[in-house]
Amino acid sequence: EEMDADWSKVKVRQGDLDEAYGPQSTGGSMSVRTTFDKLRRAGAVARTMLLQAAAQSWGVKASSCHTAKGVVYQKQGQQKATYGELADLAAGQEIPDDVTLKDPQDFKLIGTDLLKSKDADLKVSGRMVFGYDFTLPGILTAVVARPPAFGGTVAGYDETAARAVPGVRQIIKISAGVAVVADNMTAALAGRKALKATFDSGPNGNLSSAGIMTKLKEAAQNPGQVERSAGDAASALSQADKAISAEYELPYLDHAPMEPMNCTAQVKDGHCEIWVPTQVPADVQRVAIGITGFAPENIVVHILPIGGGFGRRLQKDYATDAVELAMHVSAPVKVLRTRPEDIQHGFYRPVSFHRLSVGLNKSNQPTAWTHRLAYPEHVWVTGGAGLESYDIPNVLVDYHEVPIPVPVGPWRSVAHTATGFVNESFMDELAHTAGDDPYHFRFKLLLDNNPRLAGVLQLAAEKANWGDTPKGHFLGIAAHTSFHSYAAMVVDISLDDKGRVILNRVTAAIDCGLVINPDGVRAQLEGAVAVGLTAALFGEISSKDGRVEQSNFHDYKLITMDKMPVVDAFSVPSMEPPTGVGEPGIPPTAPALTNALFAATGIRYRRLPLTKEGLKLA
């Protein structure tokens, strides 16, 4: 927008890790929020220097020139020059300390759908080279036999039969297990199947989902560490005219991206070169430094396209596998995981248990709210639990961290996937107890306290025709603030003659400040609905005997296209600074669905996934 370039002539190439550009990480819906001003100014600086170059070349004032689609024109004359023709001269201009940014009313690209993705054609045609497809001359492929139990170890292995498999080159023990290196994936898998390896489950061999939840519930019997305290919730609750309580349980979730984890590495002549689909290339370099002992300048990280991340590729375990192997292999080696490996050796969205109580006064207004959480790791679970958005005077949120030896990590929208579901489900129960409409009940509590969330709630309700629902249709609503953005969902369902649920439509609304790319916002909201519904309906990683029970998409299901509802996505018009979109749509999706189910059936669902609770889709 600020540079006035001709984007039809621009190609985009992913840069390698370079300390000049910082860590180059992606996550937390931060890209636009943290770089918008910087990139606007960079574009304006470049345009200013090009104008100055043209003015110098023509012997005129820069103020007499203007730009459009990659060309500088002289306003009063016939002279013009392309950016390419001026590039060398522009590079020698003094970099201006201050530049004038465009008035938003002069935007030609921001807020429009004029620019299309530069790599969409590669993706939909299958020509995009992801890490799983990446190859080099002489490359070898490796797979790893991993201990199945959390924290398990290799007890021993006999490699005789594996080495006899045609194409198998080496058998190497690394920190993650025993690797089979071969000419190709087929040989590597056959070699791993022939490998006679035994594993020690260690201290976690009896770990189970039921046992984990029991530990969380036991911890939640006592007061925990305070996350937020406002007023005197205990006193207000004891004096309330009405009080309701509920408990919620949420399972572990896997990221399950379409492209399983993989990494290619080569160590040669004191240098390490890595080709990896990662969200954190600087962290990958640090891992390689620790393994090889090489200086940073001798480690090159090439960032490959990611076939789905959702937080999983913030971890470095798959890069560790590749670099460790590369230390023992005299060729580039690509370490691949199969789907079962990827699901059974992940970093999961944490399991959690929640106990809530709320008090209402005689006017059916909430006067007290308490929420106790128990889960394995604090940093990932309490975000969004504080209920700051709603105007409730007395609030107490406390938590327990319960040590559980299951690897956890950020999952798309992180803590908010749990706290958003719990808070918005219980808010619906509160509205029902108060005898009020779920939309109006929320709106009144938000209007003065969080007007932007109230605005997005109102937009979703209006676009979904709340209050004018067709016969046989049932609506549920939810709203949540996360990653500096405000999102609301309305889910429209109906029931067939067998009582099965039909997902008709989801109305999604977001306030993410200034919308830069409306098509991108719509796409992110549609994706958030798909992820949110998948988690609500099917998502569960369960454990038995210290290991994950799920292994593929037959038992770790995703929502399929025939079940996917229509998604109508809307943005609140705004000139506020732009904020994130990738994650905020997920937290309100599941509670909007369960609230719609209550409207249809009178059943409150407080445990996920819903299909495990008996819900059936038409």
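1. Is strand β18 (residues 474-482) largely enclosed by the rest of the structure or largely open, and how many of its nine residues are buried? In this predicted model, seven of the nine residues of β18 are buried, so the strand is largely enclosed by the rest of the structure.

2. The partner of β18 is strand β19 (residues 485-495), which runs antiparallel to β18 and is joined to it by nine bridges. Within this pairing, Ile477 stands opposite Val490 of β19. The two strands form a hairpin with two residues between them, and in the turn Phe483 has a positive phi of about 55 degrees.

3. The side chain of Glu429 makes a polar contact of 2.8 Å with the side chain of Tyr248, and a polar contact of 2.9 Å joins it to the side chain of Arg606. When neighbours within four places in sequence are left aside, the residues in contact with Glu429 are Ile244, Ala246, Tyr248, Arg604 and Arg606.

4. Finally, Ala569 belongs to strand β23 (residues 566-571) and, with a relative accessibility of 17%, counts as buried. The C-alpha atom of Ala569 is separated by 6.0 Å from that of Thr507, although the two residues are 62 residues apart along the chain. Not counting residues up to four places away in sequence, Ala569 touches Ala508, Arg522 and Leu525.

Methods. Residues numbered from 1 in each chain as written. Predicted model: local features only at pLDDT ≥ 70, side-chain atom pairs only at ≥ 80, totals over all residues. Heavy atoms only, no water. Polar contact = N/O pair within 3.5 Å; in protein donor to acceptor, adjacent residues only side chain to side chain. Contact = heavy atoms within 4.5 Å. Helix = DSSP H or I, 4+ residues; strand = E, 2+ residues; numbered from the N terminus. Buried < 20%, exposed > 50% of the residue type's maximum accessible area, 1.4 Å probe, protein only. Pairing = 2+ DSSP bridges.
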